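Work through these exercises with the structure open beside you. Try each task before you read its solution.

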Amino acid sequence: MFYLFSGIILICSLLTITTRRILRAAVYLLCVLLSTAGLYFMLKYQFMAAVQLTLYAGGIVVLIIFSILLTHHITHRFKHPDLVKLIMGVGAALVGAGLVFATIFSNSFQPASVQELPVDMTVIGTQLLSTEKNGYVLPFELISILLLAAMIAAIVIAKKEKNKNTEI
Amino acid sequence: MIQGIPIEHFLVVSTIMFFIGVCGFIIRRNLITMLMAVELILNSVNINFVVFNRYLYPDQLQGHFFSLFIVGIAAAEASVAIALIINIYRKLKNIDVENVNELKF
């Protein structure tokens, strides 16, 4: 099951950056995010998987598809990227991946033999809003302010500037 | 942890996904596809956080909370980026990165 999910992740993420139709790229991205949620379910992080499904697959992909439909013709196809840029991109990716693989396989990870903490909603809620040790109330408040600021900024940026002309 | 699957397999998957995202960020010239590549990168980092938490420190929840916050920040980033892209499209009728140099003087 794990290998099925990781195969879907790898193939679809490769197709996301190589396909020439942008709407198909968005659908492949959706496949990648869904199978990532499957991995979270396998690791028994149900809440994380639900957040991944609703926020990423439900929110961000729909937002991206909206903006694609607003800014592109549906039959639009990309030109192939020029050769120098292709070689530089693939080369940078290969060098970086080689470095990271060397680091991963030279390090021996010892899986802990501690009892697994059951991750239910009560544990998540109390840890997210507690000010004790292992409490996350400060980043929680920070991210709520960040989301408010992002919402206002998105409205202000995308607003049409017709009002000035009508006032004059 | 999942029985029979070592942690290295997860790390290999997320590393390949990360560098596919980096490669896509370099070779694509369209703003929306570059945004998709950034989403791929953030997603692979999320997998890393969750897997390290589950395999190495299963009695704590740090990685879980960090990936929750990363998902929230990714949502904020995507919304602001798409607002900017739509505004650029209104002004230039085109969203390739070569054309977005009109702010330079």
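**Exercise 1.** In which loop is the place of B:Asp59?

Solution. Start with the ground rules. This is a predicted model, where local features need pLDDT of at least 70, side-chain atom pairs count only at pLDDT 80 or more, and totals for chains, interfaces and linings use all residues. Residues are numbered from 1 along each chain as its sequence is written, while chains are lettered from A and ligands numbered from 1 in the order in which they are written.
- Step 1: B:Asp59 sits in the loop between helix 2 (31-56) and helix 3 of chain B. Helices are DSSP runs (H or I, at least four residues), numbered from the N terminus.
- Step 2: Count neighbours. B:Asp59 has 9 C-beta neighbours inside 10 Å, so B:Asp59 counts as exposed. The scale uses other C-beta atoms within 10 Å, placed from the backbone: 20 or more is buried, 12 or fewer is exposed, and in between is partly exposed.
- Step 3: Look across to chain A. Leaving aside neighbours within four places in sequence, B:Asp59 is in contact with A:Val114, A:Gln115 and A:Leu117. Contact means that C-beta atoms, placed from the backbone, lie within 7 Å.
- Step 4: Go along chain B. B:Asp96 is 37 residues apart from B:Asp59 along the chain, and their C-alpha atoms are separated by 47 Å.

**Exercise 2.** Are helix 2 and helix 3 of chain A roughly parallel or roughly antiparallel?

Solution.
- Step 1: Find the angle. Helix 2 (residues 22-42) and helix 3 (residues 46-71) of chain A pack at about 175 degrees, with axes 8 Å apart. The axes are lines fitted to C-alpha atoms over the stretch in contact, and angles run from 0 to 180 degrees between N-to-C directions.
- Step 2: Apply the cut-offs. Under 35 degrees is roughly parallel, over 145 roughly antiparallel, 65 to 115 roughly perpendicular, and the rest oblique. Helix 2 and helix 3 of chain A are therefore roughly antiparallel.
- Step 3: Sort the contact residues. They divide into 19 nonpolar, three polar and no charged. Nonpolar covers Ala, Val, Leu, Ile, Met, Phe, Trp, Tyr, Cys and Pro; charged covers Asp, Glu, Lys and Arg; the others, Gly among them, are polar.
- Step 4: Inspect the loop between these helices of chain A, which holds A:Lys44. Phi of A:Lys44 is near 65 degrees, a positive value in a residue other than glycine. Most residues other than glycine have a negative phi.

**Exercise 3.** How many residues of chain A are in contact with chain B?

Solution.
- Step 1: Count both sides. 66 residues of chain A are in contact with 60 residues of chain B.
- Step 2: Classify the side of chain A. It has 52 nonpolar, twelve polar and two charged residues.
- Step 3: Take one example from chain B. B:Val80 lies in helix 3 (residues 62-92) of chain B. B:Val80 touches A:Ala150, A:Ala153 and A:Ala154, not counting residues up to four places away in sequence. With 17 C-beta neighbours inside 10 Å, B:Val80 counts as partly exposed.

**Exercise 4.** What is the count of buried residues in helix 4 of chain A?

Solution.
- Step 1: Helix 4 of chain A is hardly covered, with two buried residues among its 24.
- Step 2: Check the span. The rule is 1.5 Å times one less than the number of residues. Helix 4 of chain A should span 34 Å, and its end C-alpha atoms are 34 Å apart, which agrees.

Key:
Contact = placed C-beta atoms within 7 Å.
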